[in-house]
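Please look over the sequence and the model below before reading on.

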Protein chains: 2
Amino acid sequence: VSDPGAAVHADVATREQAAALDANDPLREFRELFELPPDVIYLDGNSLGPLPRSTRDRLRELVEGEWGTRLIRGWDEGWIDLPVTVGDQIGGLLGAGPGQTVMGDSTSVCFYKLASAALELRPGRSEIVTDVDNFPTDRYVLEGIAQQRGLEIVWAQFDRTRGPVADEVAALVGERTALVSFSHVSYRSAFVADMAAVTRAAHEAGALMLWDLSHSVGSVPVALDADGADLAVGCTYKYLNGGPGAPAFMYVRRELLPEVGQPIWGWLGRRDPFEMAPGYESAADARRLLSGTPPVLGLAAVQQGAGIVSRAGIDRIREKGIALTELAIAIVDSRLADFGVSVASPREASCRGAHVAITHPDARALCAGLIERGVIVDFRGPDVIRLGLSPLVTRYVDVWDALEVLRALLAGS
Amino acid sequence: VSDPGAAVHADVATREQAAALDANDPLREFRELFELPPDVIYLDGNSLGPLPRSTRDRLRELVEGEWGTRLIRGWDEGWIDLPVTVGDQIGGLLGAGPGQTVMGDSTSVCFYKLASAALELRPGRSEIVTDVDNFPTDRYVLEGIAQQRGLEIVWAQFDRTRGPVADEVAALVGERTALVSFSHVSYRSAFVADMAAVTRAAHEAGALMLWDLSHSVGSVPVALDADGADLAVGCTYKYLNGGPGAPAFMYVRRELLPEVGQPIWGWLGRRDPFEMAPGYESAADARRLLSGTPPVLGLAAVQQGAGIVSRAGIDRIREKGIALTELAIAIVDSRLADFGVSVASPREASCRGAHVAITHPDARALCAGLIERGVIVDFRGPDVIRLGLSPLVTRYVDVWDALEVLRALLAGS
């Protein structure tokens with residue numbers, strides 16, 4: 001992977017130089033598609049993406065036009081297919097062919113379903129491999145499943161500024177391994193795992209591989225089909241801008257689809273749900289992953305956000321993500337290192353997503369100070385300030401300005 | 001239970017008499033709180049309730065004001081508590097004390113969680129009792145759980161126009177019964193089960209009782225605490241008007257709360273989720289039933305709908321529900337019986353919810369004809385037309401007019 005953005009930041013020593021990068025940004029018009037409050041620098045789009053204007057309009061139309069006037073007829077007029085149509089739309093952003101991706105419930109529920117599905121496909125194997133720095137809900141859900149099924153979790157511990165690396169994974173898996181599950185992009189360090197290599201390591205042990213793409217989708221290229229991933233889930237309210245609590249997606253590799261099951265046999269996962277017939281029989285297609293009535297408002301919002309990402313193109317998004325994070329790292333190195341701030345994300349652009357973790361012993365207080373001054377960032381204990389540089393809405397001057405506010409805080413001025 | 005509405009319909013032989021009932025309806029102003037398209041008679045509020053105007057406004061404010069301008073700060077400014085605050089609000093409509101009801105994912109997922117929770121509390125017992133006419137998703141979810149755990153389902157078969165009756169339930173339960181689960185109001189016949197008596201029958205066998213309140217909440221009084229219910233779930237897009245795919249609620253009896261678990265150990269069910277610490281430990285309170293990030297848009301909508309029900313008062317809603325269904329039955333008997341239409345809902349108002357099932361051999365074609373003529377009803381195979389008479393929005397003249405359209409269809413005119 002080349003580092004297309006690595007050169008752009010090199011000479012940025014003033015705000016004007018950052019502004020010049022914005023002037024030449026091929027994605028600069030996309031920012032206009034979002035509502036952004038004028039008084040904040042928003043560096044938390046990796047946690048909750050901002051509101052697209054088209055989503056505002058679509059939600060009004062959905063609520064007032066469809067629910068308000070079509071009422072129950074809305075189900076036949078498109079709503080019932082949203083899990084599949086939006087799923088395919090997102091699959092298209094992830095290198096997944098049609099028919100393999102559907103929209104479900106929360107990420108936690110989707111993750112539970114697919115992890116359970118994997119274990120059913122590997123009976124007799126007793127171990128699940130994940131890592132101690134995986135996103136909490138993934139760790140907790142796997143703990144619950146392991147306890148309920150009498151399985152054991154093998155906790156990998158990778159370098160904290162990195163994450164799952166294929167050769168270390170290979171050393172942890174074996175004939176007892178049923179399932180390997182990692183985040184593709186670390187929520188903390190932004191480390192991007194090598195999906196193909198890690199998946200291969202899992203497969204060589206005969207295990208299935210479940211990826212969490214919550215911090216990947218809409219920020220870095222993903223090639224689920226090409227990289228041989230078995231299963232994947234991901235969140236849509238981060239870089240897909242689907243809104244607070246928007247529903248998650250589930251992906252299943254085509255070859256696994258006929259045999260994959262899931263534990264929550266709700267009616268919408270059944271063949272011909274509206275027959276309301278006796279006896280559950282899985283739908284033949286990816287709808288078999290569904291359970292209950294789909295959350296239409298959230299799905300309509302995701303549809304808009306994913307559409308914007310699709311129009312911008314993941315390669316351009318990636319290029320800008322690299323450039324923004326390179327700039328942030330360069331400024332930290334040149335202007336903040338003297339104050340005890342250091343970079344806790346990978347320095348190689350090829351294995352770093354669209355956010356940057358920086359550390360400082362007073363990170364908690366500094367985050368509070370930044371937010372008070374209108375720079376919205378995340379604190380991640382014990383000492384991480386997370387700067388989400390969502391490429392569609394973050395300007396180079398935002399990076400400059402935010403880090404100048406941090407510099408002023410550190411300088412006590 | 002008295003039949004307060006039983007008298008009002010007796011003399012209705014003309015549309016003017018129906019209109020007179022509307023003029024005296026103490027709830028008539030509530031209809032103005034909803035968006036209702038002028039060209040339809042909507043008798044499907046038991047499937048998808050119409051849009052409250054306040055919900056339209058609240059969703060605009062939420063999307064444009066909160067998500068649009070507060071962004072991630074919305075979580076600290078109320079969103080994160082919505083599962084609990086809206087849960088308590090709904091609990092208040094169901095005779096549940098505070099702290100026992102939370103909002104979860106879809107009804108299917110909530111049902112799965114609570115059924116699983118019950119089985120964990122009754123280890124060593126091998127049977128689940130439910131009925132063949134229970135709502136499909138409940139049946140399917142229980143089948144899935146039974147298969148995964150090696151349990152057996154005991155399928156009760158009650159009179160189709162009725163539903164679970166305590167003495168018949170008592171004959172089916174025993175020392176092998178872990179869980180008994182029924183719908184409180186039948187989605188088909190509208191039969192209202194005697195919650196106290198059926199729960200007692202389950203308890204006498206040492207089983208736990210899980211009620212599905214999807215067709216009850218907002219339409220008939222429920223007394224969860226007083227009737228000794230252990231667990232309950234229900235849907236919010238029917239009589240609570242929460243919008244398409246709105247999230248469901250879960251109730252747990254206070255005494256069970258400290259010991260109840262659930263299988264999907266997502267981060268929001270953990271004590272101090274934002275610590276992101278190692279190891280899952282259940283929240284001490286009802287949040288332990290939660291899993292993933294809550295669907296904020298749907299929750300905000302439910303909050304509005306439940307607020308309207310609360311202001312109308314369940315006793316007045318019940319009174320009008322009885323009066324509307326009595327009127328429908330009287331008209332069917334007097335004006336449609338000659339065309340082969342008969343009533344498939346209980347005739348005793350005390351055990352009939354807010355919809356009426358009528359049967360005709362050509363029900364499918366008749367439903368299509370009604371919908372074509374702007375009378376929106378449900379078909380339920382093989383021969384049921386379901387008339388949902390949602391008390392807050394349905395007028396007595398709507399019942400009259402809808403059944404006159406049916407009469408014209410049957411008369412071939």
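Which residues are buried in α5(A)? They are A:Pro136, A:Thr137, A:Asp138, A:Arg139, A:Tyr140, A:Val141, A:Leu142, A:Glu143, A:Gly144, A:Ile145 and A:Ala146, where buried means under 20% relative accessible area, exposed over 50%, and partly exposed in between (1.4 Å probe, protein chains only). This is a predicted model, in which local features need pLDDT of at least 70 and side-chain atom pairs count only at pLDDT 80 or more, while totals for chains, interfaces and linings use all residues. Residues are numbered from 1 along each chain as its sequence is written, chains are lettered from A and ligands numbered from 1 in the order in which they are written, and side-chain values use heavy atoms, with hydrogens and water left out.

Because 11 of the 14 residues of α5(A) are buried, the helix is largely enclosed by the rest of the structure. The elements that cover its buried residues include α4 (107-121), β5 (127-131), β6 (152-156), β7 (177-183) and β8 (208-212) of chain A. Helices (H or I, at least four residues) and strands (E, at least two) are DSSP runs, numbered from the N terminus. The length of helix α5 (residues 136-149) of chain A can also be checked: at 1.5 Å a residue, its 14 residues should span 20 Å, which agrees with the 20 Å between its end C-alpha atoms. The expected span of a helix is 1.5 Å times one less than its number of residues. After α5(A) comes A:Gly150, with a positive phi near 65°.

Leaving aside neighbours within four places in sequence, A:Glu127 is in contact (heavy atoms within 4.5 Å) with A:Glu152, A:Val154, A:Arg176, A:Thr177, A:Ala178 and A:Leu179.

A:Val393 is placed between β15 (384-388) and α11 (396-410) of chain A, and its relative accessibility of 4% is the reason why A:Val393 counts as buried. Not counting residues up to four places away in sequence, A:Val393 touches A:Arg31, A:Phe34, A:Leu36, A:Pro50 and A:Asp398.

The next topic is salt bridges. The structure holds 58 of them over all chains, a salt bridge being a side-chain nitrogen of Lys or Arg within 4 Å of a carboxyl oxygen of Asp or Glu. In one of them, A:Arg56 pairs with A:Glu35, the closest N and O atoms being 2.9 Å apart. A:Arg56 lies in helix α2 (residues 53-70) of chain A and A:Glu35 in strand β1 (residues 34-35) of chain A, so this pair ties together parts that are 21 residues apart in sequence. A:Arg56 is partly exposed, with a relative accessible area of 22%, and A:Glu35 counts as partly exposed at 24%. A network of salt bridges links A:Glu35, A:Arg53, A:Arg56 and A:Asp57.

In chain B, B:Glu35 forms a salt bridge with B:Arg53, with the closest N and O atoms 3.0 Å apart. B:Glu35 lies in strand β1 (residues 34-35) of chain B and B:Arg53 in helix α2 of chain B, so the pair ties together parts that are 18 residues apart in sequence. Another salt bridge joins the side chains of B:Asp105 and B:Lys113 (3.6 Å, N to O); B:Asp105 and B:Lys113 are both buried.

How many residues does the contact take from chain B and from chain A? It takes 68 residues from chain B and 68 residues from chain A. The two chains bury about 5800 Å² between them, 70% of it on carbon and sulfur atoms. Buried area is the accessible area (1.4 Å probe) that two parts lose on being put together, summed over both. Across this interface the rule finds 2 salt bridges. B:Arg60 forms a salt bridge with A:Glu64, the closest N and O atoms being 2.9 Å apart.
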